[in-house]
Amino acid sequence: MEIKLIASDMDDTLLNKDCQISPRNEAAIRKALDAGKIFLIATGRMYVSVRPYAEKLGLDVPLVTYNGALVKGSLSGKVYYEHKMKLSTANEVLAYCREKGYYLQLYVGDSILIKQENDCSRMYTKISGIQTTAIGEALYHTDEAPYKILVMTKSEEFAAVWQQFKEDFAGKLDVTSSKDNFLELMESGVNKWEAVKSVAASYGVQPQEIMCIGDSNNDVKMIANAGIGVAVANAKDSVKQNAKIITASNNDDGVALVIESILTPQAKQE
């Protein structure tokens, strides 16, 4: 079956080590659009952090942000899909993190709220290009439902903290990660795949007509469920195990290579 929609993760997938879209990746995306394909960016990043990349390319594409909690057009501003965390759940998580002493970032609207600036917040700003806002103890109660909450821990504690969140917030949160110490918390049922599938349905595209590309744990569901799931060579083993194709790394134009392959006449999904 023909692939009609392509969804790609950003960090460590579409972006190279310099956090740039390579000329070959850019050219491949344009060729896909010219061939009538729909191209989505699917990321854990916030909308305002992703939009400049699409604007630079002049692409009005749906941006799947906050791991699927918000899908919004990069140039049109059209909201395709929105699913914030329940306010009661958010405040429960904030109290929990306060008690445990975890560093957290609260994503409300277009802002990242933190307690106080530290090495974690500075590192995140360097990656995302977005400045955090320190609000002190006010961080631990919100009157506005967030898109997500990000918790950072020490690497040696990460697996245990992840498991504890899954157990203590079962049925309330979707828990995943985008980097080794980035624990991403969204409303239950919110993930990249559900958002990509929802956008695809609005275009009349079936799941088997979707190709998804990624590298990390928050990409597993979309890669496992898409018609063609693709892992870049630098992906985690859990991602590769769920992929049908392993392409080159993010530094070697892996996204371009797999897009180019489906644009050839013989590339059909059986």
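**Pocket, cavity and sheets**

Analyst: The largest pocket is lined by 14 residues, and those nearest its centre are Asp-174, Val-175, Thr-176, Asn-217 and Lys-221. On a 1 Å grid over the protein atoms alone, a pocket is an open set of points with protein on both sides within 12 Å along at least five of seven lines, whereas a cavity is a set where a 1.4 Å probe fits but cannot get out; lining residues have an atom within 4 Å of a point. This is a predicted model in which local features need pLDDT of at least 70 and side-chain atom pairs count only at pLDDT 80 or more, while totals for chains, interfaces and linings use all residues. Residues are numbered from 1 along each chain as its sequence is written, and side-chain values use heavy atoms, without hydrogens or water.

User: How much space lies in the largest pocket, and which element gives the most to its lining?

Analyst: A volume is the space filled by probe spheres set on the grid points, which are joined across faces, edges and corners. Here the largest pocket holds about 180 Å³. Helices (H or I, at least four residues) and strands (E, at least two) are DSSP runs numbered from the N terminus. Strand S10 (173-179) contributes the most, three residues, and helix H6 (158-168) and helix H8 (220-225) each supply at least two. The lining comprises five nonpolar, five polar and four charged residues; Ala, Val, Leu, Ile, Met, Phe, Trp, Tyr, Cys and Pro count as nonpolar, Asp, Glu, Lys and Arg as charged, and the others, Gly among them, as polar.

User: How many cavities of 30 Å³ or more does the structure hold, and which residues are closest to the centre of the largest cavity?

Analyst: There is one cavity of 30 Å³ or more, and the largest cavity has about 160 Å³ of space. Of its 19 lining residues, Asp-11, Thr-43, Arg-45, Ser-178 and Lys-179 are the closest to the centre. Two or more lining residues come from each of helix H1 (10-14), helix H5 (119-128), S10 and strand S11 (182-187), with H5 giving the largest share, three residues. By class, this lining has three nonpolar, six polar and 10 charged residues.

User: What is the order of the strands in the open sheet of eight strands?

Analyst: Strands of a sheet pair through backbone hydrogen bonds, either parallel or antiparallel. Two strands count as paired if DSSP finds at least two bridges between them. In this open sheet the order is S5-S4-S3-S2-S1-S12-S13-S14, with mixed pairing. Strand S5 (79-82) and strand S14 (245-246) are the edge strands, each pairing on one side only. Strand S1 (residues 5-8) and strand S12 (residues 210-214) are parallel over four bridges, and Leu-5 has Ile-210 as its bridge partner in S12.

User: Which strands lie at the edges of the sheet of six strands, and which strands does helix H4 touch?

Analyst: The six strands form an open sheet of mixed pairing, S8-S7-S6-S9-S11-S10, with strand S8 (133-134) and S10 at the edges. Helix H4 (residues 87-100) packs on the sheet and touches strand S6 (103-108), strand S9 (148-152), S10 and S11; contact means heavy atoms within 4.5 Å. The direction of H4 makes about 15° with that of S9, where axes are lines fitted to C-alpha atoms, for helices over the stretch in contact, and angles run from 0 to 180 degrees between N-to-C directions. H6 also packs on this sheet, touching S9, S10 and S11, and its direction makes about 160° with that of S10.

User: What is the mean pLDDT of the protein?

Analyst: pLDDT is the predictor's confidence in each residue, from 0 to 100. Its mean here is 91, and 98% of the residues reach 70 or more. Over residues 266-270, however, pLDDT stays under 50.
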